[in-house]
Amino acid sequence: MTVRTVVTVGAGQVAAVAARTLRRRGFDGRIVLLGDEQHAPYQRPPLSKEFLAGCEGVDSLALLTRKWLDANDIDIRTGVSVQRIDTATRTVEFDGGEIAADAIVLATGGRPRTLTTTGSRPDLVHYLRTVDDATALAARLTPGSSLAIVGGGFIGLEIAATARSLGVTVTVLEQAEHLLGGILGERVGGHCADLHRRNGVDLRTGTGVASVTTSDSGVRIETTTGGIVEADAVVVGIGIVPNTDIAAASGLTVDGGVVVDATGRTSVENIYAAGDVAKRFSPREGRHIRVEHFDNANRQAAVVADTIAGRQSLSDDPHWFWSDQYDTNIQFAGSASGTTELVVRGDAGSGEFSVFYLAGDVLTAAFAMDRGEDIMAARELVGRRVDAALLADEDTDLWEMYEEVEPA
């Protein structure tokens, strides 16, 4: 079938990258991006950092410039609420109209998990997913104010770092006993916890939330350990829920995400899904996985665009993400699951070091603070047999090591 019209349901990172990749591949048909927000595609990573701190404006977040959009004839429609896709005709039905397409990309992302709260000031309870969320939260971050953050994941920690840089008193409540322990492990997560405590964050691990009550005087949080936290506002950062409603209403296979194959194909021909909403089959993992990272959204979007354009493409590299907190760049690649040994490269006490995760003699993951070059090499080394002593030796060139070692 000749593809002449491509429609993305969603107008965020995936939609922008898919549109850009299609044009680069020579696709000259119609491309329509349907977004439920009032904004054209924009970057989300700066929302918890530079944008929240007031260092960047809305215009700086744009993923596609007006010049590029005009030159490439991309139709972006904002404020559109899609109800379903008629899979028999591949027609996207939305409030006020419909569009028939030859290929459809579900790029609906996710929405924040919410926390039950009570009281007269629900506006003091914030979530951070959109530029409007960030704008509302930024107004609260004034010098001398106080902020409680429920959830010690990367979004919560980035907000904490930004708020501290603005002179805000910050308390972080994390239900798990160890910060980021499920992702980084107890020992490495401890280094992240130390970073925040050194910067004045009141970080309380092993502390859940029993109730949140708002009033004109602020927010009162009762914790599961019996303590009380009072603040001017609270941010809830306890993960996201994939936006699968449209897929389910359209009869696509959904199981904790929209189920797709390794190239983003859903259970219905010529309908694809990518990004936070997609539960993709990973040949590397041997199972379907759903990954909520910027890099993953970029790579999946490019693969889907290649597939639509008739190209063979696959991206199944180790997961990689980064986080900027205070003046520190944190990066992680791979999976800590099954780790039997940690190898430290550099001086952990200096705040500039790397940690390599081994399962036997196979590298499974790597973490770094302010050593991004180590992570770039580690991304290539994941899945290969390595010598722990050589990893720890800073005289070892990791790129040369990659040339010499074999896959497990």
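**Architecture and local features of the predicted model**

The end C-alpha atoms of residues 5-300 lie 20 Å apart, and this span is 23% helix and 31% strand. The model described here is predicted. In UniProt, an unreviewed entry lists residues 5-300 as "domain: FAD/NAD(P)-binding". The unreviewed entry also lists residues 320-400, as "domain: Reductase C-terminal". For residues 320-400, the end C-alpha atoms are separated by 21 Å, with 22% of the span in helix and 44% in strand.

The secondary structure of the chain comprises 11 helices and 27 strands. Taken along the principal axes, the C-alpha atoms fill a box of roughly 65 × 60 × 40 Å. The radius of gyration of the chain is 22 Å, which agrees with the value near 22 Å that a compact globule of 408 residues would have. Of the 408 residues, 51% are buried. Contacts between residues at least 6 apart in sequence were also examined by separation: 58% of them join residues at least 24 apart. The chain exposes about 17,600 Å², of which carbon and sulfur atoms supply 45%.

Two hairpins share strand β5. In the hairpin formed by β4 and β5, four residues lie between the strands. Arg 90 has a positive phi of about 50° although it is not a glycine. With a relative accessibility of 17%, Arg 90 falls under the 20% limit and therefore counts as buried.

The pairing of β5 with strand β6 (residues 97-100) is antiparallel and extends over four bridges. Val 92 stands opposite Ile 99 in β6, and Glu 93 stands opposite Glu 98 in β6.

Asn 270 lies in the loop between β19 (258-260) and β20 (271-273). At 17% relative accessibility, Asn 270 counts as buried.

Helix α3 (residues 131-138) contains the buried residues Val 131, Ala 134 and Leu 137. These residues cover an arc of only 125° around the axis, and therefore lie on the same side of α3. An α-helix has 3.6 residues a turn, so residues three or four places apart point the same way. The elements that cover the buried residues of α3 include the strands β10 (125-126), β11 (146-150) and β17 (233-236), together with helix α4 (154-165).

Two further helices each carry a buried residue whose surroundings were examined. His 196 is located in helix α6 (residues 186-198) and is buried, with a relative accessible area of 1%. When residues up to four places away in sequence are not counted, His 196 touches Leu 157, Ala 160, Ala 161, Val 201, Gln 325 and Tyr 326.

Ala 305 is placed in helix α8 (residues 294-308). The relative accessible area of Ala 305 is 1%, and the residue is buried. Leaving aside residues up to four places away in sequence, Ala 305 touches Ala 18, Thr 21 and Leu 22. The C-alpha atoms of Ala 305 and Gln 331 are separated by 27 Å, the two residues being 26 residues apart along the chain.

Methods. Residues are numbered from 1 along each chain as its sequence is written. This is a predicted model: local features need pLDDT of at least 70, side-chain atom pairs count only at pLDDT 80 or more; totals for chains, interfaces and linings use all residues. Side-chain values use heavy atoms; hydrogens and water are left out. Buried means under 20% relative accessible area, exposed over 50%, partly exposed in between (1.4 Å probe, protein chains only). The arc is that of the directions from the helix axis to the C-beta atoms. Contact means heavy atoms within 4.5 Å. Two strands pair if DSSP finds at least two bridges between them. The radius of gyration is taken over C-alpha atoms; the globule rule is 2.2 Å times the number of residues to the power 0.38. Accessible areas come from the Shrake-Rupley method with a 1.4 Å probe; for residues, only the protein chains shown count as cover. UniProt positions are given in the numbering used here, feature names are shortened, and annotations may be inferred rather than shown by experiment.
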